[in-house]
Amino acid sequence: MNAMVLNKIGVPLEWTELANRQPEAGEIRVKVAACGVCRTDLHVVDGELPDPKVPIIPGHEIVGRIDALGAGVEGLSIGERVGIPWLGHTCGVCPYCAGGHENLCDHPIFTGFTRDGGFATATIADARFAFPLGETGSDVALAPLLCAGLIGWRSLVIAGAAKKLGLYGFGAAAHIIAQVAKWQGRSVFAFTRPGDTSTQAFARSLGATWAGGSDEMPPEPLDAAIIFATVGALVPLALKAVRKGGRVVCAGIHVSDIPSFPYRLLWEERQLVSVANLTREDGLDFLRLAPEIGIVTQTTSYPLNQANQALADLRAGRFEGAAVLVP
Ligand SMILES: [Zn+2]
Ligand SMILES: [Zn+2]
């Protein structure tokens, strides 16, 4: 197999030939057909997340077909198309796992961070954390659903029954969740980098009621807002944009510091919460619903060996929607 390997924090990924390993008990081997590029991959290569496994193969929006089954794997078959997300394994026994909050597991393993991921021609995964994807939709179109879609979905659920929903940062996650929110009958207010009129037009094309810069106030108070951008300064702006009792959900895994802000922005029962990782239930709920909603992902494909270019283009905001690597 071949992979784009991060050998050291802060250096480009390197095209590497590796031995094809056999799956152990409970594992599957997947021939990768597409792997999305997520902002978290940038945090991994930049060393912004604690305790990575290095060298590591990044990538946690994997779509592929099973080509080998480890002992004891049930309910999955050779040739079946599966998706492999960020949550790669949980301990199953800590208080969080036992209490139905496996996203907060004390001893998790994350795909493309603490176990090798999908910037490769093949990968090994814990079978219990792979999602059967069926045959509807192309591999490339489905890849962004595996993290941008899933984390976006969990954020949307936690935002509650908000009719007027703000989305700060209109990248891969927001472009999916805007479609879900519209399908649910909500109004979407999209906030982009100030002056980014092309992304604002993109948001409107996906049904946003209003689109503007993150330095602007929406035309009416929001019921809730989700912050997908990794900019802490958006937190007070979003709190200002929500009504009394409104909720602000931070979806980022790594965000710059939040500047101090007057207490009155939180006063009147406004809520500020974060979303971490996903549970398998989130994945099953969302992937069941996605074909019904008819989500159309906007993707830019790169050959696998161009992963460094894809990461650079993501960092610079050179495309709308999501980048996807194809072996
Ligand atoms: Zn656990
Ligand atoms: Zn991700």
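Guide: Pro55 is found in the loop between α1 and β4, and this loop is the part to be examined here. Helices (H or I, at least four residues) and strands (E, at least two) are DSSP runs, numbered from the N terminus. The model is a predicted one, in which local features need pLDDT of at least 70 and side-chain atom pairs count only at pLDDT 80 or more, while totals for chains, interfaces and linings use all residues. Residues are numbered from 1 along each chain as its sequence is written, chains are lettered from A and ligands numbered from 1 in the order in which they are written, and side-chain values use heavy atoms, with hydrogens and water left out.

The backbone of the loop deserves attention. Pro55 is joined to Val54 by a cis peptide bond, with omega at about 0 degrees. Asp51, which is also placed in the loop between α1 and β4, has a positive phi of about 55 degrees although it is not a glycine. Asp51 counts as exposed, at 67% relative accessibility; the classes are buried under 20% relative accessible area, exposed over 50%, and partly exposed in between, for a 1.4 Å probe and protein chains only.

Pro52 lies in this loop between α1 and β4 too. With a relative accessibility of 29%, Pro52 is partly exposed. If residues up to four places away in sequence are set aside, Pro52 touches Ile9 and Phe113, a contact being heavy atoms within 4.5 Å. The C-alpha atoms of Pro52 and Phe110 are separated by 9.4 Å, although the two residues are 58 apart along the chain.

Cys38 (SG), His60 (NE2) and Cys147 (SG) coordinate the zinc ion (ligand 2), at 2.0 to 2.2 Å. Cys38 is situated in the loop between β3 (27-37) and α1 (39-45) and His60 in the loop between α1 and β4 (62-69), so this pair ties together parts that are 22 residues apart in sequence. The donor residues of the zinc ion (ligand 2) follow the spacing C-x21-H-x86-C. Donors are N, O and S atoms within 2.8 Å of the metal (3.2 Å for Na, K and Ca); water is not among the atoms, so sites may look incomplete. His60 is buried, with a relative accessible area of 1%, and Cys38 is buried as well, at 12%.

Glu269, in the loop between β14 and β15, has a phi near 60 degrees, a positive value in a residue other than glycine. Glu269 is exposed, at 68% relative accessibility. Phe261 lies in the loop between β14 (242-250) and β15 (271-274) and is partly exposed, at 28%. Beyond four places in sequence, Phe261 touches Pro236 and Leu239.

Thr136, in the loop between β9 (131-132) and α3 (139-142), is exposed, with a relative accessible area of 59%, and touches Arg81 and Leu142 when residues up to four places away are not counted. Arg154, in helix α4 (residues 148-159), is buried at 14%.

For the protein as a whole, the secondary structure comes to 9 helices and 17 strands. Among contacts between residues at least 6 apart in sequence, 69% join residues at least 24 apart. The protein exposes about 13,900 Å², of which carbon and sulfur atoms supply 53%; accessible areas come from the Shrake-Rupley method with a 1.4 Å probe, and for residues only the protein chains shown count as cover.
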